[in-house]
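Below are my notes for someone opening this entry for the first time. Please read them with the model on screen.

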Amino acid sequence: MNRRDFLSAAGAATLTAWLPASAHAAAAGRYENLLILIELKGGNDGLNTIIPYADPLYQSLRPRIAIPREQVLQLDAASGLHPALQPLLPLWDARELAVVQGVGYPAANLSHFRSIEIWDTASRSDQYLNEGWLARAFAEAPVPSAFAADGVVVGSNEMGPLAGVATRALALNNPGEFMRQARLAGNEGVARNGALSHILKVERDVKQAAANLGNNFSLRSEFPNHALGNALKTAAQVVASKAGVAAIKVSHNGYDTHSGQQGTQQRLLRELAEGMAALRTALQEIGRWDSTLIMTYCEFGRRPRENQSGGTDHGTANAHLLSGGRVRGGLYGAVPALDRLDGNGNLPFAVDFRDLYATTLDRWWGVSPAAVLNGRYNPVEFLRA
Amino acid sequence: MGKHWLFLLLAVLPLGAVAAPMGFDEARHLLNRTSFAAGLSDIESYARLTRVQAVDQLLGLTGAAPVTPPPSWVGEYESPAKMRDASEEERKLFQRQQFVKGGELRAWWLTEMLVTPSPLTEKMVLFWHNHFVSSLQKVRSPVLMYRQNQLLRKYALGYFGDLLHAVAKDPAMVVYLDSASNRKGRPNENFAREVMELFTLGEGRYSEQDVKEAARAFTGWSIDQERGEFVFRQQAHDAGVKNILGSSGNFDGDAVLDLLLAQPQTAELVVRKLWREFVSPQPDAAEVTRIARMFRDNRYNIRVALRALLTADVFYAPENRAALLKSPVDLIVGSLRQFRFETGEVTPFVNASRQLGQDLFAPPNVKGWPGGEAWINSATLLRRKQLLERLFRAQEMRPAVTPGRAEMDIYFDSERWLQPFADVDARLIKVVLATDPASSVVSTAHGLPRIRELVLDPAYQLK
């Protein structure tokens, strides 16, 4: 009896573990659903973002930089938002904001470069993979060729999760500029080595994107005038053009707050909240809010005990935000276990970040997680049915 | 009879020892990689030398002081403490002045790259700037960044151990990696982590405990705010015993650096990086081990390592020709030098380099510019082509002024430059490109239109 017969006999439909997609089926993803990743570059301090305000250890570990209890925007009896996230309250009230606490992975690495590589490639801590997890997803279940690109990276030169030899990932700063310059691309040619092969591939990707991108980028909705606001505006314009992309990655810089954290993080979180709120309005305007999932991510959280420069050092488990028209708002994961810090003074994790990826792959796109993530992961129910 | 013994001699000598002129192709390859490309006459003159003579000649030109005078203010350190009691308006004025100075600093370096008789010197200073990273964005003092540039310049082809010790205490580095915030009982691990992970051993070759202990050893390193100079504060130094990389002792910062230099991984990390800069994207493990050992055995003499790389057979191997992608600086400075452009203000080129992803004095993070294929994505490739189009659009370049951008004031005398080629297309290709054009389209163009075709060919992005 081959495997599939056995499964149907056992009532396979009820299994929650995911099994590798059968070899001959060309998997098709539901890429009309869009993923927008916002990278909080440098490692956002989750503890001052989603604050365990009722835990006395929070104040005692951070005598200088803890957010005073009366300033916290309480979400429930244990957790609340940093006051700068005020613009996200409408999303919370509409039950479209999911907050996941304790996101991390085993044997966490405290190096920016190594840890973001782990997040981008969804590898284990001791494993080195070359391709981004989204690149692998699109290899497993290809994005329609009519789409302008598989994914778009706005305002950065780092492909991150979209890094892959065969991935059609476009770096874009400004759709208008892109369309004007795109005529320069499209050299056909013979690739004689890796370097040339890379250039020719980029040329082809540009040509294809330009052919499919169209020229209608207009949006009425306004965005805040800072780097993140501009990047999210570009993202929204790409979506408005109706060209089709499966994923967009945007980076917000400056979260590596080793010193003077309070002022810096306040500004960054305000920019983030304003940006996300504006993005929601824009996506609603173009009728894409219900088919968009926004997810924040970054290399790590930061150490619970403040350092002596009014900042924090590299840490581990972190809090992240998800939002979208079909997100089931609420708190997920576990409140920070400030009484169970490890030998480096860092938090244990409660939710493996790959659980979030797996949920996205399976529930958002209908792509087999096992084929992309090499392992078994547990769904996090942040999407409504 | 005489010829026979010569052939026998040649047969038993290792290939590298054969004193034969390197020839045109090898000379072009060597100059492409070390000198921001080169024109016909330079290639022809190096072609007459042997590999060893050519490399020694290039190395012999290094180490001289820059020919471009620095901005007038480089001797006047402005302490940020000055602005602490300043008014809002004074502070704004100061910021603006600092911004202008940052631009002048970048313009100074780019100018030097354009006119230096030793482009290899500038390549090596840039290499070390990308290794021992500090950024004007965080350091905020153009004077300190200039001084760091002088320091890198001093040791660029000297001894790596001396360079490491000096740059670790360089004030710009102290600011960049928060060394002054690292005090006894109140550690800041930033410098300790990066010196191990990025400057010497490499990722995974040390433990978190090593980082913590090393941070203790670096306590007391600080900066005199008034003068912008390194100062050691004894009372902030943790003089206790530390256990680092299997050794135990009351190490201070310098002792930790010596411990790092004693590890074989350090030489290998540096040689691998030099390999990826000069030879190919994939270092050969056996060659790296060999050259790293030579590097270490010669007290980390950088010149020795570079000489070994540039004279090795693998450097000249066919599969390694045109195997590397030009960085923004390679592309911009290389094009301007190779075609002997006359330039006015260099600020447009400083800005262009930033737009292409390489902002001088401001690498994006402490790991530096990743380089290689990371230089080329849809946005940067289109910008490269647009820049090249502008450069070669007409005999005399006066392109339309783009609002907010400095006008490009350049002149390319295409007729004069083309004259030695006598319209031989094969020769033109050999100078302009590192390999045959990628495009299979048969061209009938000549002169400037043909140059335009060649620089817009994907192969022009290779070195």
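1. Ala37(B) has 26 C-beta neighbours inside 10 Å and therefore counts as buried, the cut-off being 20 or more. Ala37(B) sits in the loop between helix H2 (23-34) and helix H3 (40-47) of chain B. Although not a glycine, Ala37(B) has a positive phi of about 65°. Most residues other than glycine have a negative phi. Please keep in mind that this is a predicted model.

2. Asp178(B) is another non-glycine residue with a positive phi, here about 60°. Its loop runs between helix H10 (171-176) and H11 of chain B.

3. The largest nonpolar core has 243 residues. Val100(A), Ala235(A), Val271(B) and Leu309(B) are the residues with the most contacts inside this core. Helix H9 (residues 261-285) of chain A gives the core its largest share, ten residues. In soluble globular proteins, nonpolar side chains tend to be buried together.

4. What does Val271(B) touch, leaving aside its neighbours within four places in sequence? Its contacts are Val288(B), Ile291(B), Ala292(B), Phe295(B) and Ala305(B).

5. Helix H9 (residues 160-168) of chain B has buried residues at Phe160(B), Leu163(B), Leu164(B), Val167(B) and Ala168(B). Because they cover an arc of only 120° around the axis, these residues lie on the same side of H9(B).

6. Chain A has an open sheet of three strands, in the order S2-S4-S3, with antiparallel pairing. Strand S2 (50-51) and strand S3 (73-74) of chain A are at the edges and have a single partner strand each, so one side of each is left without a neighbour in the sheet. Two bridges join S2(A) to strand S4 (residues 80-81) of chain A in the antiparallel sense. Ile50(A) has Leu81(A) in S4(A) as its bridge partner.

7. Between the chains, 37 residues of chain B are in contact with 36 residues of chain A. On the side of chain B that touches chain A, helix H11 (190-199) and helix H20 (378-391) of chain B each supply at least two residues. Which element gives the largest share of that side? H20(B) does, with seven residues. By class, the side of chain B that touches chain A has 14 nonpolar, twelve polar and eleven charged residues.

Key
Residues are numbered from 1 along each chain as its sequence is written. Chains are lettered from A and ligands numbered from 1 in the order in which they are written. This is a predicted model: local features need pLDDT of at least 70, side-chain atom pairs count only at pLDDT 80 or more; totals for chains, interfaces and linings use all residues. A nonpolar core is a set of buried Ala, Val, Leu, Ile, Met, Phe, Trp, Tyr and Cys residues joined through C-beta atoms within 7 Å. A residue is buried if 20 or more other C-beta atoms lie within 10 Å of its own, exposed if 12 or fewer, and partly exposed in between; C-beta atoms are placed from the backbone. Helices (H or I, at least four residues) and strands (E, at least two) are DSSP runs, numbered from the N terminus. Two residues are in contact if their C-beta atoms, placed from the backbone, lie within 7 Å. The arc is that of the directions from the helix axis to the C-beta atoms. Two strands pair if DSSP finds at least two bridges between them. Ala, Val, Leu, Ile, Met, Phe, Trp, Tyr, Cys and Pro count as nonpolar, Asp, Glu, Lys and Arg as charged, and the others, Gly among them, as polar.
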